[in-house]
Amino acid sequence: MAREVVEYLNPQSGGTILDCTLGFGGHARNVKIQNPNVKLIGIEQDEDALQEIKDINGIQVIKGNFRDLGELVKTRVDGVLFDLGISSYQIDEASRGFSIRFDGPLDMRMDKSKGKSAYDLICESSEEELYLIFKNFGEERYSNKIAHWVKKKLPKTTFELKEIVERAILGWKKRESVSRIFQALRIAVNQELDALSEALPQAVELLNPGGRIVVISYHSLEDRIVKWFFREQKKDDILKIITKRPVRPGEEELERNPRSRSAKLRAAEKNEK
Ligand SMILES: C[S@@+](CC[C@H](N)C(=O)[O-])C[C@H]1O[C@@H](n2cnc3c(N)ncnc32)[C@H](O)[C@@H]1O
């Protein structure tokens with residue numbers, strides 16, 4: 001949703017845009033192309049992405065987790081972007097352990113320098129805790145059975161986990177369940193929902209009056225957090241919601257990039273006080 005991101009951020013000459021999920025800088029570059037006189041600040045927690053991004057001119061890059069936004073960024077900004085989740089690079093790099101298509105160690109950390117890998121999390125969680133992770137973050141119907149077998153077998157690799165899930169739910173829509181279990185573990189490992197809930201108020205705090213916040217989410221749990229946050233801020237007369245309904249990718253983008261099919265963009269503007 002490259003065009004929509006720029007349209008809703010509406011970057012103005014001399015203004016500052018903060019990209020909280022810089023990745024490989026796709027959206028940041030587009031903003032710069034659209035308006036070269038914009039100052040760009042980017043946050044990213046993945047060291048691999050940061051190595052790539054080093055060469056983009058004119059972006060102030062900060063390594064960190066956006067849940068610490070208030071600590072990481074001290075200047076006021078005119079636009080904030082969150083393009084949530086993981087990048088195509090992270091999905092396709094087997095060694096990161098995110099993908100159901102490639103065999104790799106069951107890691108799933110976006111920041112490899114911190115926290116527990118998915119394997120550690122499985123080892124340290126009880127069956128009941130795994131059940132809750134799968135149910136709450138994956139909305140998986142067979143969480144019970146799957147948690148039982150995952151705890152019993154303690155998978156070390158992505159393919160081991162995939163096989164355990166497939167065996168646990170014999171005959172059912174296996175691929176969807178495997179995807180949901182991978183999503184659930186990834187969310188738990190990276191504490192994604194907590195990070196988002198903590199970051200949104202800090203982002204609004206950093207915005208100048210008239211500044212915009214744009215969030216692209218990829219599953220309903222994230223989108224719900226954004227929707228309710230915007231509603232609350234509207235009630236308190238802090239934000240004006242610009243997208244009455246979430247904006248979805250167009251046909252052409254879906255054809256070009258099938259991974260965008262679950263994307264939902266929401267945007268809001270900070271009221272003048
Ligand atoms: C969907 S990708 C963004 C792609 C980017 N917009 C681009 O155009 O290249 C999400 C990125 O956000 C990063 N990320 C996710 N959660 C984060 C967090 N809490 N703090 C910092 N970076 C985060 C991921 O490591 C990943 O690189």
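Predicted model: local features only at pLDDT ≥ 70, side-chain atom pairs only at ≥ 80, totals over all residues.
On the α7 side the contact is formed by Glu127, Leu130, Tyr131, Phe134, Lys135 and Gly138, which meet Ser143, Asn144, Ile146, Ala147, His148, Val150 and Lys151 of α8. Divided by class, the residues of this contact comprise 6 nonpolar, 4 polar and 3 charged.

Helix α8 (residues 143-153) also packs against helix α9 (residues 158-168), at an angle of about 135 degrees and with an axis separation of 9 Å. That angle makes α8 oblique to α9, and the crossing of this pair is right-handed. From α8, the residues Lys145, Ile146, Trp149, Val150 and Lys153 take part, and they meet Ile164, Val165, Arg167 and Ala168 of α9. The composition of the contact between α8 and α9 is 6 nonpolar and 3 charged residues, with no polar ones. Ile146 and Val150 of α8 are listed in the contact with α7 and are listed again in the contact with α9.

At the level of domains, the protein chain is divided into domain 1, which is made up of residues 2-88 together with 193-270, and domain 2, which covers residues 95-191. The centres of domain 1 and domain 2, taken over C-alpha atoms, are separated by 28 Å. To the contact between them, domain 1 gives 10 residues and domain 2 gives 9 residues. On the side of domain 1 that touches domain 2, the element that gives the most is helix α11 (residues 192-206), with 3 residues; by class, this side of domain 1 consists of 4 nonpolar, 3 polar and 3 charged residues.

The ligand, finally, is surrounded by 20 residues, of which the closest are Thr21, Gly23, Gly26, Gln45 and Asp83. The shell residues divide into 7 nonpolar, 9 polar and 4 charged.

Notes:
Residues numbered from 1 in each chain as written. Near = placed C-beta within 6 Å. Nonpolar A, V, L, I, M, F, W, Y, C, P; charged D, E, K, R; others polar. Axes fitted to C-alpha atoms, helices over the stretch in contact; angles between N-to-C directions. Helix = DSSP H or I, 4+ residues; strand = E, 2+ residues; numbered from the N terminus. Parallel < 35°, antiparallel > 145°, perpendicular 65-115°, else oblique. Left-handed = near helix turned anticlockwise from the far one by under 90°. Contact = placed C-beta atoms within 7 Å. Domains from an automatic or database assignment.
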